Amino acid sequence: MSNGSSMNEFLLLAFADTRELQLLHFWLFLGIYLAALLGNGLIITAITCDHRLHTPMYFFLLNLSLLDLGSISTTLPKSMTNSLGDSRAISYAGCAAQVFFFLFFIGGEYCILTIMAYDRYVAICKPLHYGTLLGSRACVHMAAAAWGTGFLYALLHTANTFSLPLCQGNAVDQFFCEIPQILKLSCSDAYLREVGLIVVTASLIFGCFVFIVVSYVEIFMAVLRIPSQQGRHKAFSTCLPHLAVVSLFVSTAMFTYLKPSSISSPSLDLVVAVLYSVVPPAVNPLIYSMRNKEIKEALRKVFEHRLLQHQ
C-alpha cells in the first residue's frame, strides 16, 4: 500500500470488541447526539423566532449553535453506524470529507468564540460605541469571516494531509478521521509539511487565545468598577457562559495536541477526542441557556404559540 491514491478505505478505532458493548456505545452516542440536536435546535429556534433576541450577542450564539451541530454531525453518525453494523471501515473519500468538515466547523467555532469575546468587551468596556462597532453589517461581516476562515483552514489542512504518501497501513487510531492519526500512516519525513502548517495554525490560534484572555482581563477590571452589586452581577452573567464554553473548548483541544507522548495511548486519545469533539456541542446549549431568562422566555412563547395553533 504505497500511497493514498491506491488506498480505498481506512479502519477506524472501535470502542469495543463485544457486541453488547458496541450496542452500548451506539445508544450512548445516540443519546448525546440527540441531546446536541435538541439543545442547539432550541437555541436556534428561540433566536430566530424572537425579535428581542436579534442582537449581536445572540446572532453570534446562533452561529455557534450551527457550527456545533455541524461538528458533532461530522463525527458521531459514522461512529454510530459502524458500531451498529459491527464495522470499522470508512472510505478514503469519506475520511477526507470527515477531516475537511470537522476542521471547517471547529475552525469556524473558534473564530466565533473569539468574536464573542470582542462582543462582550465592547458591550461592557465601550458601551457607548456598541451600536457603531457592532452594527448589523459589521456582525454579518465578522460571522462571514469566521465561516470563511474555517473553510480556508479546513481546505489547506485537508489538501495537504491527503496529498501525503501513506505506507504505514490504513488503521486510524481514533473513532473518526483525525489529522495527527493520519500523519502516523505517512511515509518517512513527508509529514513535515503538514506539521509546519500545524505550527503556523497553532500560532494563529494562540494569538486568538491571547486576545480572548486580554479581553476578559479588561472586562473583569471594568466590571469591578461598576458601583452597584446588581450591575456587576448582570455584567458577569452575560460573560460567564462564554468563558465556560471557551475554557472547555480550549482546555480539551490543548490537552489533545500538547500532551506528552509518554502518556499517550489509544484509550487516552479516544477519551480526550470525545471530550473535545463530542462534549462541547452537547454541553454548550446547556451552559448558555441554564441561567438565560431571555432564551427561556423566548422558548416559552414559541411553545405557547405552537400549542395555540393546534387547539
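This is a predicted model: local features need pLDDT of at least 70, side-chain atom pairs count only at pLDDT 80 or more; totals for chains, interfaces and linings use all residues.
Guide: A residue counts as buried when its relative accessible area is under 20%, as exposed when that area is over 50%, and as partly exposed in between.

Visitor: Why is Cys125 called partly exposed?

Guide: Cys125 has a relative accessible area of 25%; since buried requires a value under 20% and exposed a value over 50%, the residue falls in between and is therefore called partly exposed.

Visitor: How do you know whether the sulfur of Cys125 is bonded or too far for a bond?

Guide: The closest cysteine sulfur to that of Cys125 belongs to Cys239 and lies 8.5 Å away. A disulfide needs the two sulfur atoms within 2.5 Å, so this pair is too far for a bond. Cys49 is judged by the same cut-off: the closest cysteine sulfur, in Cys139, is 20 Å from its own, which is again too far for a bond.

Visitor: What makes Cys95 and Cys177 a disulfide?

Guide: Their sulfur atoms are 2.0 Å apart, and because the cut-off is 2.5 Å, the pair qualifies as a disulfide. The two cysteines come from distant parts of the chain, 82 residues apart, with Cys95 in helix α3 and Cys177 in the loop between α5 (136-161) and α6 (179-183). Both Cys95 and Cys177 are buried, and a search of the whole structure finds one disulfide.

Visitor: Why is the disulfide of Cys95 and Cys177 given the handedness it has?

Guide: The torsion about its S-S bond is about -125°, and the disulfide is therefore left-handed.

Visitor: What makes Asp50 and Arg52 a salt bridge?

Guide: Side chains of opposite charge can pair when their charged atoms come close. The closest N and O atoms of Asp50 and Arg52 are 2.9 Å apart, and because the limit between a side-chain nitrogen and a carboxyl oxygen is 4 Å, the pair counts as a salt bridge. As for accessibility, Asp50 is buried at 7%, whereas Arg52 is partly exposed at 42%.

Visitor: How do you know whether Arg120 is buried or exposed, and which residue does its side chain meet in a salt bridge?

Guide: The relative accessibility of Arg120 is 8%, which is under 20%, so the residue counts as buried. Its side chain meets that of Asp119 in a salt bridge, with 2.9 Å from N to O, and Asp119 is likewise buried, at 2%.

Visitor: What makes Arg300 and Glu304 a salt bridge, and where do they lie?

Guide: Their closest N and O atoms are 2.4 Å apart, and because that is within 4 Å, the pair meets the criterion. Both residues lie in helix α11, four residues apart, about one turn of the helix. Arg300 counts as partly exposed at 38%, as does Glu304 at 37%. Arg300 and Glu304 are also linked with Glu297 in a network of salt bridges, and the search of the whole structure finds four salt bridges.

Visitor: How many aromatic pairs does a search of the whole structure find, and why is the pair of Phe29 and Phe175 called edge-to-face?

Guide: The search finds 18 aromatic pairs. For Phe29 and Phe175 the ring centres are 5.7 Å apart and the planes stand at 65°; because a pair needs centres within 6.5 Å and edge-to-face needs an angle over 60 degrees, both conditions hold. Phe29 lies in helix α1 (residues 19-49) and Phe175 in the loop between α5 and α6, so the pair ties together parts that are 146 residues apart in sequence. Both Phe29 and Phe175 are buried.

Guide: Phe100 and Phe101 are also edge-to-face, at 5.2 Å centre to centre and 80° between the planes. Phe100 counts as buried at 16%, whereas Phe101 is partly exposed at 39%.

Visitor: What lines the second largest pocket, and which element gives the largest share?

Guide: The second largest pocket is lined by 24 residues, and those nearest its centre are Met57, Lys234, Ser237, Thr238 and Asn292. Two or more lining residues come from each of α2 (56-84), α3 (92-125), α8 (229-258), α10 (279-289) and α11 (293-309), with the largest share, eight residues, from α8. By class the lining has 12 nonpolar, six polar and six charged residues, and the space in the pocket is about 810 Å³.

Technical notes
Residues are numbered from 1 along each chain as its sequence is written. Side-chain values use heavy atoms; hydrogens and water are left out. On a 1 Å grid over the protein atoms alone, a cavity is a set of points where a 1.4 Å probe fits but cannot get out, and a pocket is an open set with protein on both sides within 12 Å along at least five of seven lines; lining residues have an atom within 4 Å of a point. Grid points are joined across faces, edges and corners, and a volume is the space filled by probe spheres set on the points. Ala, Val, Leu, Ile, Met, Phe, Trp, Tyr, Cys and Pro count as nonpolar, Asp, Glu, Lys and Arg as charged, and the others, Gly among them, as polar. Buried means under 20% relative accessible area, exposed over 50%, partly exposed in between (1.4 Å probe, protein chains only). Rings of Phe, Tyr and Trp (its six-membered ring) pair if their centres lie within 6.5 Å; planes under 30 degrees apart count as stacked, over 60 as edge-to-face and the rest as tilted.
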